Number of protein chains: 2
Amino acid sequence: MEGIGRDIMYAIARAQKALYRLIREDAARVGITEVQLIVLYTLLKKEHIRLHDLAEKLNLSNSNVSGTVDRLVSAGLVVREPSKRDRRAVILSLTEKGKETVLAAFGEQSVLRRRLQRIQELISPEEIEQFLRLQEKVKTILLGEE
Amino acid sequence: MEGIGRDIMYAIARAQKALYRLIREDAARVGITEVQLIVLYTLLKKEHIRLHDLAEKLNLSNSNVSGTVDRLVSAGLVVREPSKRDRRAVILSLTEKGKETVLAAFGEQSVLRRRLQRIQELISPEEIEQFLRLQEKVKTILLGEE
DNA sequence: CCCGAATAATTTCAATACGAATTATTTCCA
DNA sequence: TGGAAATAATTCGTATTGAAATTATTCGGG
């Protein structure tokens, strides 16, 4: 692992840690954990999704999401219901309380929202576009899909 | 969380997952976990480091690193010794076996090494430089240090 | 139509991961 | 210098994480 490779690794890791720290902050404000908030947000954007599809969307294992959903159901934020089309599957949706929670977390007081806006103020659209393109390219090569 | 912000979040998360998957693969080949390999690698690059400094370098909590070091000591890959300068601190170093393990993990057979090289073959030095610069800029803004 | 392969979810287990509390030691300043 | 504040590490509790095994169901080819 020579210089450049190491730089790339550390850069990716640092950006991710910074991002998760913000999500954790917003999540803590409404009394949940970061992964729970990410799951709620995903469900807000796409209701009635199957557990497997949710796990795929989030790049998490089924077992992981299954446990997280357990806790969200216990907290009254999410409901599980068996799929009518496929009796193996379960369909997930937000409860009213779940909706309120995610909206409160990412609402006016959200640190993450403020910082993401700041990025758009301080970095030009061309550079952001460039950033996303390179990020995607690096990811594709890392996955061996080039 | 509108379009661009979400794109940035997902891009960062995806790159990190791809990276960690590779590290996990190399680590599994030598019979350890990804975090354990990252710790061993860090110790290879900087021997005789204090636990607190190691945790800081890796952006991990002290308690987390303490537990990971426990397992590495049990496996005979790392040794703990009390610092002479500061009796509160412990100094960490690799054993001979620890050195061999990390060198084997990131040696010729390393998938991560191969993919990082591939990045340098497929992406121009200017673009890599640009990538690292933007990555750093985004991280700084996310941390609120702009 | 039927049975083996594939798929969806859960459970279990070991390893992260972090915050809070605790213990031991050092620092620093009144 | 004496003691409060800060620092280093560990322990504890809870919540991720993913691989592997398990169960239930669906799919697909003969």
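The side chain of A:Ser110 reaches the backbone nitrogen of A:Arg113 at 2.9 Å, and the backbone nitrogen of A:Leu112 at 3.3 Å. Both are distances within the limit for a polar contact, a pair of N or O atoms within 3.5 Å; within protein, one atom must be able to donate a hydrogen and the other to accept it, and residues adjacent in sequence count only if both atoms are side-chain atoms. A:Ser110 is found in the loop between α5 (96-105) and α6 (111-122) of chain A. A:Ser110 counts as buried because its relative accessibility is 0%; buried means under 20% relative accessible area, exposed over 50%, and partly exposed in between, with a 1.4 Å probe and protein chains only. Apart from neighbours within four places in sequence, A:Ser110 is in contact with A:Asp26, A:Arg29 and A:Ala105, contact being heavy atoms within 4.5 Å.

The model is predicted: local features need pLDDT of at least 70 and side-chain atom pairs count only at pLDDT 80 or more, while totals for chains, interfaces and linings use all residues. Residues are numbered from 1 along each chain as its sequence is written, chains are lettered from A and ligands numbered from 1 in the order in which they are written, and side-chain values use heavy atoms, with hydrogens and water left out.

Chain A as a whole has seven helices and three strands. These are DSSP runs numbered from the N terminus, helices being H or I with at least four residues and strands E with at least two. Read from the N terminus, the order of elements in chain A is α-α-β-α-α-β-β-α-α-α. The C-alpha trace of chain A spans about 50 × 35 × 25 Å along its principal axes. Of its 146 residues, 48% count as buried. Among contacts in chain A between residues at least 6 apart in sequence, 49% join residues at least 24 apart.

Next comes the partner chain. In the pairing of the two chains, 53 residues of chain B are in contact with 54 residues of chain A. The area buried between them is about 5,800 Å², with carbon and sulfur atoms giving 69%; buried area is the accessible area (1.4 Å probe) that two parts lose on being put together, summed over both. There are four salt bridges between chain B and chain A, a salt bridge being a side-chain nitrogen of Lys or Arg within 4 Å of a carboxyl oxygen of Asp or Glu. One salt bridge joins A:Glu127 to B:Arg133, with the closest N and O atoms 2.8 Å apart. On the side of chain B that touches chain A, α1 (3-29), α2 (34-45), α6 (111-122) and α7 (125-142) of chain B each supply at least two residues. The largest share, 18 residues, comes from α1(B).

Sugar and phosphate account for 71% of the atoms of DNA strand D that come within 4 Å of the protein. For an N or O atom in the side chain of B:Ser66, the distance to a phosphate oxygen is 2.8 Å. The largest share of the surface near DNA strand D, four residues, comes from α4(A).

Key. A residue is near a molecule or strand if one of its heavy atoms lies within 4 Å of it.
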